[in-house]
Amino acid sequence: MEKPKTPLLAVDGIVRLWEGNLFKGIVLIERLYPPYGFALPGGFVEVGETVEQAVLREVKEETGLDASIKRLFGVYSHPERDPRFHVVSLVFLLDAWGKPHASSDAKKVYVFKLEDIPFEKLVFDHKQILLDFIRS
């Protein structure tokens with residue numbers, strides 16, 4: 001009997017960085033591994049963890065930031081959203097304070113004001129996710 005083939009489950013975080021009550025921008029990472037470019041912090045859900053635990057872990061691993069989840073932003077499931085394989089991502093909106101620093105599979109971490117997001121350099125379907133966020 002063939003094993004069922006199902007998409008992999010991932011999480012992505014739209015991390016709003018704050019300094020006190022001042023909005024500094026959206027946190028993006030520059031990927032260390034292919035596909036190269038800018039991405040929202042995130043990754044795969046590990047066995048035994050909730051999606052909420054996974055997004056907080058991934059944000060901490062890639063940016064060094066302790067974040068708080070504000071809400072589930074949306075679910076992105078297009079079969080070709082990730083060039084490596086079919087991935088379904090739960091996207092969360094989070095708030096964080098502090099100074100981010102790259103770690104894990106993040107080459108560098110950047111904070112972009114909404115008008116400065118490098119949409120042409122975003123990988124996966126993160127351009128669509130951030131456009132949906134800005135329009136919401």
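Biologist: Leaving aside neighbours within four places in sequence, which residues is valine 15 in contact with?
Modeller: This is a predicted model, to begin with. In it, with those sequence neighbours set aside, valine 15 is in contact with Gly25, Ile26, Val27, Pro41, Val59, Leu65, Leu94 and Ala96.

Biologist: And which residues have the most contacts inside the largest nonpolar core?
Modeller: Those are Val11, Val15, Leu65 and Phe92, in a core of 19 residues. Strand 1, strand 2, helix 1, strand 6 and strand 7 (106-112) each give two or more residues to this core. As a general point, nonpolar side chains tend to be buried together in soluble globular proteins.

Biologist: What does the second core include?
Modeller: That separate core has 16 residues, and Leu28, Ile129, Leu130 and Phe133 are among them.

Biologist: Let's take isoleucine 129, then. Is isoleucine 129 buried or exposed?
Modeller: Isoleucine 129 has a relative accessible area of 0%, so it counts as buried. This residue lies in helix 2. Beyond its neighbours within four places in sequence, isoleucine 129 is in contact with Ile14, Leu40, Phe73, Tyr76, Arg81 and Val91.

Biologist: How far apart are the C-alpha atoms of isoleucine 129 and valine 15?
Modeller: They are separated by 12 Å, while the two residues are 114 residues apart along the chain.

Biologist: Back to the helix. Which residues of helix 2 are buried?
Modeller: His126, Ile129, Leu130 and Phe133 are buried in helix 2, which runs over residues 126-135. They sit on the same side of helix 2, because they cover an arc of only 90° around the axis.

Biologist: Why would residues three or four places apart point the same way?
Modeller: An α-helix has 3.6 residues a turn, so residues with that spacing face the same way.

Biologist: What do the buried residues of helix 2 pack against?
Modeller: They pack against strand 1 (8-19), strand 2 (22-31), strand 3 (38-39), strand 5 (67-76) and strand 6 (87-97). Histidine 126, for one, is in contact with Asp12, Ala39, Leu40 and Arg81, leaving aside neighbours within four places in sequence.

Biologist: New topic: how much space lies in the largest pocket?
Modeller: About 220 Å³. The pocket is lined by 19 residues, and the closest to its centre are Arg31, Gly42, Gly43, Arg84 and Phe124.

Biologist: What classes of residue are in that lining?
Modeller: The lining of the largest pocket has eight nonpolar, three polar and eight charged residues.

Technical notes: Residues numbered from 1 in each chain as written. Predicted model: local features only at pLDDT ≥ 70, side-chain atom pairs only at ≥ 80, totals over all residues. Heavy atoms only, no water. Buried < 20%, exposed > 50% of the residue type's maximum accessible area, 1.4 Å probe, protein only. Helix = DSSP H or I, 4+ residues; strand = E, 2+ residues; numbered from the N terminus. Arc of directions from axis to C-beta. Contact = heavy atoms within 4.5 Å. 1 Å grid on protein atoms, 1.4 Å probe; cavity = no way out; pocket = protein on both sides within 12 Å on 5 of 7 lines; lining within 4 Å. Points joined across faces, edges and corners; volume = space filled by probe spheres on them. Nonpolar A, V, L, I, M, F, W, Y, C, P; charged D, E, K, R; others polar. Core = buried A, V, L, I, M, F, W, Y, C linked by side-chain atoms within 4.5 Å.
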